[in-house]
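Please read the following report alongside the sequence and the coordinates.

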Amino acid sequence: MGNKETYSNMGLNSVLAVEDAIDLRSDTVTRPGKGMREAMMMARVGDDVYQEDPTVLALEQQTSRLLGKQAGLFVSSGTQSNLLAMLVHCQRGEEYIAGANYHSFCDEAGGASALGGIVAFPLPVDNTHALSVKQIRSAIKPDDSHYPITRLLCLENTVSGQEQPTAHTNALSDVAHAHELKVHLDGARLMNAAIALSQPVSELAASVDSVSICLSKGLGAPVGSVLVGTDSFIRRARRLRKMLGGGTRQAGVLAACGLYALESNVDRLAEDHANAKHLAEGLGALQQISVHHATNMVFMRLDESQINPLADYLARRNILIGRQQPEVRLVTHLDISAEDINTVVDAISEYFLKNDRG
Ligand SMILES: *Cc1c(COP(=O)(O)O)cnc(C)c1O
């Protein structure tokens, strides 16, 4: 990956993340609050393998409507959701195109290839993490027995926090469709993109065939993603989900969190974006650090030898950050307040005052 991120050092080794820590490692660390737990408690449930869980059905319907697609499927994770999409869109020996730093290619344990016999064709992205029409046009293989059949374009939005302009998504989809490819959008953080672009999320997804959104990132649910697409696409995805062991029973207790998240936690993503901007401004004022930010993510570059000592220093002050090299990623979310941002900027400033070794 571009950012040389390692997940093995995302954890804290022997130190357990304390509940009141200011945890900027990811927007996946949120814990369900009172309202969400009440929604779980009150959820009407049934056996979802029989498609009789009313809360799961409501979440699937609500999400597909929101995204302007025919049907939805509640799944355990974004990884499962992307895998199902790739398995439905591509047969063995067929190929998908993706950005070389996109999650579907590099952060999903090679599932499409291991489980689906699907060939990946990763392409380098530009400095906004976008692919170009020209790249896609030249990546699509001609009908020749030497080549895999190019079947799918996998896009992502946001990518490393960077929202992707809708006109560009549409242009990429158009070229893919013109060559009879399908387009899947990994929209793990698509709601962040919609807020950043001030557009309804259905507009961001209008030109693609299938979309996956995560409920457990910025939206604050403990578990789950929703995959949406046409009725026949979702019917096939449902069969594959069962095959992968992802059919669950009274999952309404989890779907209730997703419904609550869609209702209560989408508009407030603007606060996370404001907090990230505020954090980037605070850190950008320090001479030892250079930063950039997009939506709810801040990337901080500093002398690599300082990353672990800084992270240790902050951990002792109950502030948790990633340890990625060469850029540390800081992520804002619904358990981070504007006041927390000031605390973090103060602590990092203090670290450099005390520890600056020139
Ligand atoms: C987190 C993430 C996923 C996968 O979600 P999991 O629920 O962690 O499996 C997929 N795509 C992107 C862009 C992500 O950030």
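## Largest cavity

Helix α7 makes the greatest contribution to the lining of the largest cavity, with 3 residues; helices (H or I, at least four residues) and strands (E, at least two) are DSSP runs, numbered from the N terminus. This is a predicted model, in which local features need pLDDT of at least 70 and side-chain atom pairs count only at pLDDT 80 or more, while totals for chains, interfaces and linings use all residues. Residues are numbered from 1 along each chain as its sequence is written, and side-chain values use heavy atoms, with hydrogens and water left out.

A cavity is, on a 1 Å grid over the protein atoms alone, a set of points where a 1.4 Å probe fits but cannot get out, and its lining residues have an atom within 4 Å of a point. By this rule there are 2 cavities of 30 Å³ or more, and the largest has a volume of about 70 Å³, where grid points are joined across faces, edges and corners and a volume is the space filled by probe spheres set on the points. The lining of the largest cavity consists of Y102, A130, L131, L155, E156, N157, Q164, P165, H168, T169, L172 and L185. Both β5 (149-156) and α7 (166-178) supply at least two residues of this lining. By class, the lining has 7 nonpolar, 4 polar and 1 charged residues, with Ala, Val, Leu, Ile, Met, Phe, Trp, Tyr, Cys and Pro counted as nonpolar, Asp, Glu, Lys and Arg as charged, and the others, Gly among them, as polar.

## Second largest cavity

The second largest cavity holds about 40 Å³ of space, and its lining is made up of A188, R189, L190, M191, N192, I213, C214, K217, G218 and L219. While α8 (190-197) and β7 (210-214) each supply at least two residues of that lining, the largest share, 3 residues, comes from α8. The lining of the second largest cavity divides into 6 nonpolar, 2 polar and 2 charged residues.

## Ligand surroundings

A polar side-chain atom of D186 lies 2.5 Å from a nitrogen atom of the ligand, whereas a polar side-chain atom of K217 is 2.7 Å from a ligand oxygen atom. For G78, a backbone N or O atom lies 2.8 Å from an oxygen atom of the ligand. Taken alone, the ligand exposes 380 Å², of which the protein buries 82%; accessible areas come from the Shrake-Rupley method with a 1.4 Å probe.

## Backbone features

The peptide bond from N157 to T158 is cis, with omega near 0°, and T158 has its place in the loop between β5 and α7. The bond from Q325 to P326 is likewise cis, with omega near 0°, and P326 is found in the loop between β11 (319-320) and β12 (327-331).

H129, a residue other than glycine, has a positive phi near 65° and lies in the loop between β4 (119-123) and α6 (133-139). S198, also not a glycine, has a positive phi of about 50° and sits in the loop between α8 and α9 (201-205). At 66% relative accessibility, S198 counts as exposed, a term for values over 50% relative accessible area (1.4 Å probe, protein chains only).

Key
Polar contact = N/O pair within 3.5 Å; in protein donor to acceptor, adjacent residues only side chain to side chain. 1 Å grid on protein atoms, 1.4 Å probe; cavity = no way out; pocket = protein on both sides within 12 Å on 5 of 7 lines; lining within 4 Å. Buried < 20%, exposed > 50% of the residue type's maximum accessible area, 1.4 Å probe, protein only.
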